[in-house]
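Please open the model in your viewer and keep the selection tool at hand.

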Amino acid sequence: MIQIETAWLLLLPVMFGIGWLAARWDLRLENRMDERERMRQQRSTFKGLSLLLNEQPDQAIETLVKIAQLDPETIELHFSLGNLFRRRGETERAIRVHQHLANRDDLKPRDRDHAAYELGRDFLRAGLLDRAEASLNRVGHGKFAAPAKESLLEMYQVERDWKKAIIAASELESLQGKSHHTEIAQFYCELAQESLHAKDLASAERSIKEALQVVPNHTRALILQGDYLMALEQPAQAIDAWSVVATSHPAFMHLIADRWMKAHTDIGKSEAGLDRLCELLNTQASGELLDVVHKQVMQIRGIQAANTMLSQVMQHSPSLSALSKLAETRLALEEGNANPDRVQELKSILHLLRQRTTSLARYTCGNCGFRARRFYWQCPGCNNWEAYSPRRSEGVAPSGPSM
Ligand SMILES: [Zn+2]
């Protein structure tokens with residue numbers, strides 16, 4: 001009896017051994033199947049990539065899409081593929097890849113948001129703005145919420161839909177925790193500008209007030225406030241608004257110097273208006289302000305006064321613009337004296353100076369270096385707001401984009 005029990009006891013480790021071997025066999029079988037599946041997917045991936053490299057992108061997408069269905073880990077590959085197509089300008093293919101991802105129900109919310117965001121960018125690139133808006137609005141509150149909102153903001157600016165741009169910029173402020181006040185004030189100014197153009201003065205007033213609430217003493221809003229008051233035929237009040245620009249943002253006065261003089265003429269105070277502009281020339285002798293002041297001094301005070309004013313400007317702020325104006329004034333003086341040689345000499349000097357000032361005078365974007373003949377509140381090169389210096393440079397143009 002004891003012998004039988006001993007035999008059983010001896011059998012126990014053997015049975016354990018057999019069990020352990022069977023488990024290992026099972027595991028090996030399972031690993032082998034996994035390995036086979038992995039190899040199969042790897043082969044499909046290589047096939048997809050090879051089709052792609054062989055310029056057969058349609059078949060490549062189909063093959064790669066099949067892999068994504070089998071293996072969720074290839075999702076990143078799909079995003080890269082879609083973005084590659086978009087960068088190459090093949091937006092239709094980018095849309096197909098991203099649309100496939102966006103339509104899948106088995107994606108994690110983060111990947112679904114990512115797909116909706118990329119699809120929105122594809123539609124934007126293709127110029128399908130309605131579909132871009134719908135796709136970007138589908139993005140949830142995760143990691144892609146802020147980039148999607150940025151794309152929407154970019155799109156609303158292209159469409160000049162300033163009301164939606166204001167909402168998007170405000171939402172972006174809370175998503176990113178950083179201020180977009182400059183843009184929001186400018187969007188209100190764009191609305192005010194449109195209303196003034198359409199002679200809808202009540203809307204213009206509302207938008208100007210909003211802009212000044214977002215950024216108190218905002219330069220462009222103050223300029224527009226003066227324009228609005230001029231439209232209401234209230235030149236004295238317009239001068240009050242523009243006086244704040246003269247005091248707080250004198251470098252921008254050349255943008256309104258003409259209207260400033262008109263408002264002063266309307267109330268019979270053109271001398272006082274001109275005095276203030278001449279005073280500003282001492283610190284803000286920009287080419288454009290000088291143009292207006294020179295024209296007004298010639299009209300109101302005569303050639304001799306213009307000559308004296310320009311000689312003073314050349315002493316404290318010499319520039320090509322001032323020299324050109326001085327030559328113009330001296331020519332006008334000489335023409336009265338009828339000295340043909342002197343007149344011809346001055347004409348040649350003036351011609352050369354005008355050529356130089358016209359070809360060199362440019363506003364420059366502080367962000368991207370884009371140079372332009374006229375002043376922009378939004379740079380046409382990089383789309384940044386208030387990136388242009390109000391002062392026109394006369395220096396030699398650095399190599400870079402310009403218009
Ligand atoms: Zn720029």
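**First stop: helix 9 and helix 11**

Select residues 181-197, which form helix 9, and residues 219-231, which form helix 11; their axes come within 10 Å and cross at roughly 20°. Here, axes are lines fitted to C-alpha atoms, for helices over the stretch in contact, and angles run from 0 to 180 degrees between N-to-C directions. Helices (H or I, at least four residues) and strands (E, at least two) are DSSP runs, numbered from the N terminus.

Helix 9 and helix 11 are therefore roughly parallel to each other. Angles under 35 degrees count as roughly parallel, over 145 as roughly antiparallel, 65 to 115 as roughly perpendicular and the rest as oblique. The crossing of these two helices is left-handed, a term used if the near helix is turned anticlockwise from the far one by less than a right angle, with right-handed used if clockwise.

Now display the side chains at the contact. From helix 9, select Ala-185, Gln-186, Cys-189, Ala-192, Gln-193 and Leu-196; they meet Arg-220, Ala-221, Leu-224, Asp-227, Tyr-228 and Ala-231 in helix 11. Two residues are in contact if their C-beta atoms, placed from the backbone, lie within 7 Å. By class, this contact holds eight nonpolar, two polar and two charged residues. Ala, Val, Leu, Ile, Met, Phe, Trp, Tyr, Cys and Pro count as nonpolar, Asp, Glu, Lys and Arg as charged, and the others, Gly among them, as polar.

**A note on the model**

The model is predicted: local features need pLDDT of at least 70, side-chain atom pairs count only at pLDDT 80 or more, and totals for chains, interfaces and linings use all residues. Residues are numbered from 1 along each chain as its sequence is written.

Colour the chain by pLDDT, the predictor's confidence in each residue, from 0 to 100. The chain averages a pLDDT of 84, and 79% of the residues score at least 70. Among the elements of the chain, helix 11 has the highest mean pLDDT (98), while helix 1 (residues 2-53) has the lowest (64). Where pLDDT is low, the predicted coordinates should not be read in detail.

**Second stop: two loop residues**

Select Lys-199, in the loop between helix 9 and helix 10 (201-214). Its phi is near 60°, a positive value in a residue other than glycine. Most residues other than glycine have a negative phi. Is Lys-199 buried or exposed? Lys-199 is exposed, with 9 other C-beta atoms within 10 Å. A residue is buried if 20 or more other C-beta atoms lie within 10 Å of its own, exposed if 12 or fewer, and partly exposed in between, with C-beta atoms placed from the backbone.

Next select Glu-233, in the loop between helix 11 and helix 12. Glu-233 also has a positive phi, of about 60°, although it is not a glycine. Glu-233 is exposed, with 9 other C-beta atoms within 10 Å.

Select residues 235-248 (helix 12) and residues 257-266 (helix 13), whose axes come within 9 Å and cross at roughly 140°. That angle makes helix 12 oblique to helix 13. Their crossing is left-handed. Which residues meet here? Pro-235, Ala-238, Ile-239 and Trp-242 in helix 12 meet Trp-260, Ala-263, His-264 and Asp-266 in helix 13. This contact has six nonpolar, one polar and one charged residues.

Select Glu-210 in helix 10. Glu-210 is partly exposed, with 18 other C-beta atoms within 10 Å.

Then move to helix 6 (residues 129-137), where the buried residues are Ala-132, Glu-133, Ser-135 and Leu-136. Display helix 5 (109-126) and helix 7 (145-158), which are among the elements that cover them.

**Last stop: the strands and the whole chain**

Select Gly-369, in the loop between strand 1 (363-364) and strand 2 (371-372). Gly-369 is partly exposed, with 16 other C-beta atoms within 10 Å. Its C-alpha atom is separated by 8.4 Å from that of Gly-381, 12 residues apart along the chain.

Of its 403 residues, 34% count as buried.
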